[in-house]
Amino acid sequence: MGKGQPSYTDEEFVAAIRRGDDRALAHLYRLHLPMVLHFVQQNSGTEDEAKDVYQEGVMVFYEKVREGSLELSCQIKTYLYAVCRRLWLKRLAEKSRFGVRLEDHEPYLETGAEADLALAEERDRRLSTMAEALERIGEPCRSLLEGFYLLDKSMQQLTAEFGYTNADNAKNQKYKCLVRLKKLFFTHYQEEELY
């Protein structure tokens, strides 16, 4: 450890990140970066690509810890390696540069990282699809739904803001908009699944 750097166990890292300790996260980031740099550079990657992959991997770990949904059955180092390895394999496959042999220098265990990463990717895809559907739905539906679901406005506030005669009319319009949004979302989501 460097001078002035606290030493953390894996449990202490998780607890510190859970309570929002940015220093612990920064320390964790620096601690395991060399491992991923080495792995990616040994497997047709650049230092910048390795840093991108590592940052993505740390974000998956961070989000799982903050959500309280991380069930760590291995060391953090192994978990991050597994996530970053999968991310790099995916990038290599996309670039069609994947060779016959991958140079692994860490024991690769079934860590649950694969499933966590797949869930994070699926959630991001759904959020992106939902954002697109919300953009395509048009006005006044977009503002009405954003007002109610994102800005926590009451039906009374929305009734006044949109000029409805009463809260029941506003609620009825919100319902119709929600049905349209779901239709746009699922149509687009299913189209994406075909590719």
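Visitor: Why is Cys-141 called buried?

Guide: Welcome! This is a predicted model, and the word rests on a computed value. Cys-141 has a relative accessible area of 2%. Buried means under 20%, so Cys-141 counts as buried.

Visitor: What makes Cys-177 buried or exposed?

Guide: The relative accessible area of Cys-177 is 1%. The cut-off for buried is under 20%, so Cys-177 is buried.

Visitor: Why are Cys-141 and Cys-177 said to form a disulfide?

Guide: Their sulfur atoms are 2.0 Å apart. A disulfide needs a pair of cysteine sulfur atoms within 2.5 Å, so Cys-141 and Cys-177 qualify. By this rule the count is one disulfide.

Visitor: What makes the disulfide left-handed or right-handed?

Guide: Look at the torsion about the S-S bond of Cys-141 and Cys-177. The value is about -70°, so the disulfide is left-handed.

Visitor: Which parts does the pair tie together?

Guide: Cys-141 belongs to helix α6 (residues 141–150), while Cys-177 belongs to helix α8 (residues 167–194). The pair therefore ties together parts that are 36 residues apart in sequence.

Visitor: Now to helix α7. Which residues of α7 are buried?

Guide: In α7, residues 155–162, the buried ones are Met-155, Leu-158 and Thr-159.

Visitor: How do you know where on the helix the buried residues of α7 lie?

Guide: The buried residues fall within an arc of 105°, so they line one face of the helix. Gln-156 and Ala-160 are exposed on the other side of α7. After α7 comes Gly-163, with a positive phi near 75°.

Visitor: How many cavities of 30 Å³ or more does a search of the whole structure find?

Guide: The search finds one. The largest cavity holds about 30 Å³ of space.

Visitor: Which residues line the largest cavity?

Guide: The lining consists of Ile-17, Gly-20, Asp-21, Asp-22, Leu-25, Tyr-62 and Arg-66. Helices α2 (22–42) and α3 (47–67) each supply at least two residues of that lining.

Visitor: What makes up the lining of the largest cavity by class?

Guide: There are three nonpolar, one polar and three charged residues in the lining.

How values were computed. Residues are numbered from 1 along each chain as its sequence is written. This is a predicted model: local features need pLDDT of at least 70, side-chain atom pairs count only at pLDDT 80 or more; totals for chains, interfaces and linings use all residues. Side-chain values use heavy atoms; hydrogens and water are left out. Helices (H or I, at least four residues) and strands (E, at least two) are DSSP runs, numbered from the N terminus. Buried means under 20% relative accessible area, exposed over 50%, partly exposed in between (1.4 Å probe, protein chains only). On a 1 Å grid over the protein atoms alone, a cavity is a set of points where a 1.4 Å probe fits but cannot get out, and a pocket is an open set with protein on both sides within 12 Å along at least five of seven lines; lining residues have an atom within 4 Å of a point. Grid points are joined across faces, edges and corners, and a volume is the space filled by probe spheres set on the points. Ala, Val, Leu, Ile, Met, Phe, Trp, Tyr, Cys and Pro count as nonpolar, Asp, Glu, Lys and Arg as charged, and the others, Gly among them, as polar. The arc is that of the directions from the helix axis to the C-beta atoms.
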